[in-house]
Structure formats: structure tokens, C-alpha cells
Amino acid sequence: MKTRPVYIIGGVRTPFVKSLTKYSKVTTQDLMTTALQALVTKMKLENKIIGDVALGAVINSSVNWDLARECVLGTNLDPHTPAYTLQRACGTSLEATWQIALKIASNQMNCGIAGGVDTNSDLPILISRSLTQKLLGLREAKSVIDKIKILASLRPSDFKLQYPSVVEPRTHLSMGEHCEKMVKEWQISRQAQDELALKSHQNGVNAYQQGFYNDLVIEFMGLQRDGILRADTSLEKLAKLPPAFDFSGQGSLTAGNSSPLTDGAAAVFLASEEYAEKNNHPLLARFVDAEVAAVDFVHGEGLLMAPTIAVSELLKRNKLTLQDFDFYEIHEAFAGQVLCTLKAWESADYCKKVLQRDAALGAIDRSKLNIKGGSVALGHPFAATGARIIASLAKMLREKGRGRGLISICTAGGMGVTAILEAV
């Protein structure tokens, strides 16, 4: 199948805010539709048919089974635009971008939109399985006596509600608890985590002050910037925060060096060079390649270490070294996760045993890491983070005028999704 280059030509997002605050009454669908419509307006796509739209959410309700299509129908896109919903945990919108890029690259369409949304303020609260079965039985019961028997069988325990939680079903540990294991294994200090978190906030604040986000973050519900970002934080303030996951006295992950539960949505627009030229859209960056990997965290491997493998394979295929990048966008699920990843790449033993390499990948230039702020500071609406990173990195490459950027996102389920963007 003949292929061609694919380009990022636009992207927007809502401000990201702490869950159960400013967007507490906004539904998942409405939040995603807001970002999608903003992209439609920005790219002048009103009444146009787009090749395909791929959107996703991690914390989603069965009511939103056709989320992407409903969001499209809520915008000014031509209603003949198709859409589909997908999910790969925190890598959802990077996965969506990857899929849209492949369709454009293979000449199956000329343009497409990828995005993601999550809002812990719109949680799908479930009833117990036992109550579900009894209610279904009640609906199917033919006689009054059968209905009475089912009603009589109801117990208080049947009415216990089930709330979604970010816990691995096979280990019953939260992502934070898994990351605590990782930082202990890799001997990552609390101070190092706090220092990375502080830098994330400083970079994010500087980016806003420089106007970098002016055309990337839309105004929504009176907000024009991310609500989690702190200009007044310091190492002293971060050091005073108590552990958030390990309360044994050995914990080092805190609310300050971990990404918070966040509400937000983001979307990016991709196209072929021919489409962009025809519609007078500048080419921001080329979507070069992507890779996904997984680890056996159930049997002891670090839950959030899969990006180390995905990046290694991505580098091999593209004949690049880890140092061949001008920007590194490593998702900060936790500052500790980023530091474990960097230390693993610097370990000759790890690279030999796990990555099947002859030598260590080596260190990166930290001054090129998350230079416009990372997830600890900006926030992490699970499925929106990939699109947030892609839009920002594409703009950074456009402004620099040369070079390439590496994206690395860890996810629940022990997976990692990575990608390479390149300046045009």
C-alpha cells in the first residue's frame, strides 16, 4: 500500500482543572464537544466532512457508548462526518492520533481529528451486580408472586454503590502504590521527585507568561488557563506534603509530585500535505512513527515502565539514539515515574536484560524535558493528555523550525505509548 507523510496542522484544549471543582456539572460528552467545536472553529471546518474522528475517554459511562459520534453531531462539522470511540488508558488520544495518521498515510482519507476527554466529575456510579441481576429478574418476572419473591430477596448489601477507581484489577493496587514500588526499586529520592515537580510548575508558568498557550487553550467557563498550575509553589512547600499512597513512613509520592485527578478535553487535526496546502493550513510538524509496549506488572515488573521498551523499539526502527531529540515530552503521571524511566535508560544492565541492547541508551538533556510544563503541573485528564502533548510539541517544533520531539506516555494496565514528531 502506497504511503505518504502526515502532518499535525492544529490543536486545542480546554483549561485543565482539578476534578469536582469548576467542571463539576459538565458532562463528559459536553466537555469533549467543547474542545472539538473549538478545533472546528479554529481550523475553519464548519460544514465540512472530515475523513474520520477518533475520540476516547477512560472513565466513561455506558450511556456514552457512541461518544465520538455524538460529539461530532454536537458541533458544526457536516453531520456526514464519521466518528468512533476508542480507549487505551492514559495513551488514548495518542493512540487515536496514531490511528488517524495511519489512515491518512495510507491514502484512505485526507484529514482527520483525534482527541480525548476525561472528567472525574462525571463518574459512572454503578449499582451492585446482585442488585442488577435482581432488577433484571424483576423485569422478566411473569407473575405477581414471582415479582414479590424477588423483592423479598433484596438485602441492604444489594444497594451498595460501586465507584470507579484507578486500581489495577489484578493486583488491587492503585497506580500510585505501584509507582511507590518502582521508586523504591530504582532508589529515587523524595527530593528528586519534588525537584522535577517544581520544574514542571515553573515551566508551565513561564509558558503561560510567554503566551505559548494563547492559541492552544480556549476560554471555558470563565477560565483561560489550567487551574492546577501553581506559580507560588516551592521545594519547601512541596517537602511539607505528606505521602499520598504509602503511609508506612517510607512513602515519597505526594499530592505535590503526582498528577492530580483532572477534568479536561483536547483535540488535534491531522492532514496530508495536499489537504493542508489546498486549505491554506500551515504544517506544524510531521507525525513520524509510534510504538506501543506492555510489561508483566502482575508478576513484578514495574507497572509504568513499558514506555522504556516502546521508546527503545521506536528508536531502533527509526535508526535514532535517545539523544537525537530537541524536545522530550514524558508524561508525568508521577514525577517518580519519569525519573525511573530516565534511570532505566541510563542503566546498562537494564538496557541489556530488558531492552536487548548492547549498551545503555544513556542520559537525556534535562533542559529539553517538558519545557512547557508537564502533567504534574498542567493536570492529567487521562484520555486528553496525548492530544495535549501532541498539540504543544507540534507548536514547539514549528517555532524552532527544525529538529524532532519524543513523546512517552505510561498507562494503566502496564502499557506505554510513544511517538516521534519532526519539524517540517
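Reader: Let me begin with the cysteines: how far is the sulfur of Cys179 from the closest cysteine sulfur?

Author: The general idea is to look at the separation of the sulfur atoms, since a disulfide is counted where two cysteine sulfurs lie within 2.5 Å. In this predicted model, the sulfur of Cys179 has its closest cysteine sulfur in Cys340, at 5.7 Å, which is too far for a bond.

Reader: Let me turn to helices: at what angle do α7 and α11 pack?

Author: With a pair of helices, one reads the angle and the distance between the axes, and then the residues that meet. Helix α7, residues 190-209, packs against helix α11, residues 335-346, at an angle of about 105°, and their axes are 8 Å apart. That makes α7 roughly perpendicular to α11, because angles of 65 to 115 degrees are placed in that class. On the α7 side the contact involves Ala192, Gln193, Leu196 and Ala197, which meet Ala335, Gly336, Val338 and Leu339 in α11. The residues of this contact of α7 with α11 divide into 6 nonpolar, 2 polar and no charged.

Reader: How far apart are the axes of α3 and α14?

Author: The axes of helix α3 (residues 92-105) and helix α14 (residues 385-400) are 5 Å apart, and the two helices pack at an angle of about 60°. That makes α3 oblique to α14. Ser93, Leu94 and Thr97 in α3 meet Thr385, Gly386, Ala387 and Ile390 in α14, and the residues of this contact divide into 3 nonpolar, 4 polar and no charged.

Reader: Now for the strands: which way do β8 and β9 run, and how many bridges join them?

Author: For strands, one asks about direction and then about the residues that stand opposite one another. Strand β8, residues 327-330, runs parallel to β9, and 4 bridges join them. Glu329 stands opposite Ile407 in β9, while Ile330 stands opposite Ser408 of that strand. On its other pairing, β9 joins strand β10, residues 415-423, in the antiparallel sense over 8 bridges. Ser408 has Thr418 in β10 as its bridge partner. β9 and β10 form a hairpin with 3 residues between them, and Gly413 in the turn has a positive phi of about 80°.

Reader: Which residues does Ser408 touch?

Author: Ser408 lies in strand β9 and is buried, with a relative accessible area of 2%. Not counting residues up to four places away in sequence, Ser408 touches Pro307, Val311, Glu329, Ile330, His331, Val417 and Thr418.

Reader: Where is Ser19 placed, and is Ser19 buried or exposed?

Author: Ser19 has its place in the loop between β2 (17-18) and α1 (28-42), and this serine is buried, with a relative accessible area of 10%. Not counting residues up to four places away in sequence, Ser19 touches Asn120, Ser121, Leu261, Thr262 and Asp263.

Reader: Is Arg402 buried or exposed?

Author: Arg402, found in the loop between α14 and β9, counts as exposed at 53% relative accessibility. Leaving aside neighbours within four places in sequence, Arg402 is in contact with Asp326, Leu397 and Ala423. Arg402 and Ala423 are 21 residues apart in sequence, yet 4.9 Å apart in space, C-alpha to C-alpha.

Notes:
Residues are numbered from 1 along each chain as its sequence is written. This is a predicted model: local features need pLDDT of at least 70, side-chain atom pairs count only at pLDDT 80 or more; totals for chains, interfaces and linings use all residues. Side-chain values use heavy atoms; hydrogens and water are left out. Axes are lines fitted to C-alpha atoms, for helices over the stretch in contact, and angles run from 0 to 180 degrees between N-to-C directions. Angles under 35 degrees count as roughly parallel, over 145 as roughly antiparallel, 65 to 115 as roughly perpendicular and the rest as oblique. Contact means heavy atoms within 4.5 Å. Ala, Val, Leu, Ile, Met, Phe, Trp, Tyr, Cys and Pro count as nonpolar, Asp, Glu, Lys and Arg as charged, and the others, Gly among them, as polar. Two strands pair if DSSP finds at least two bridges between them. Buried means under 20% relative accessible area, exposed over 50%, partly exposed in between (1.4 Å probe, protein chains only).
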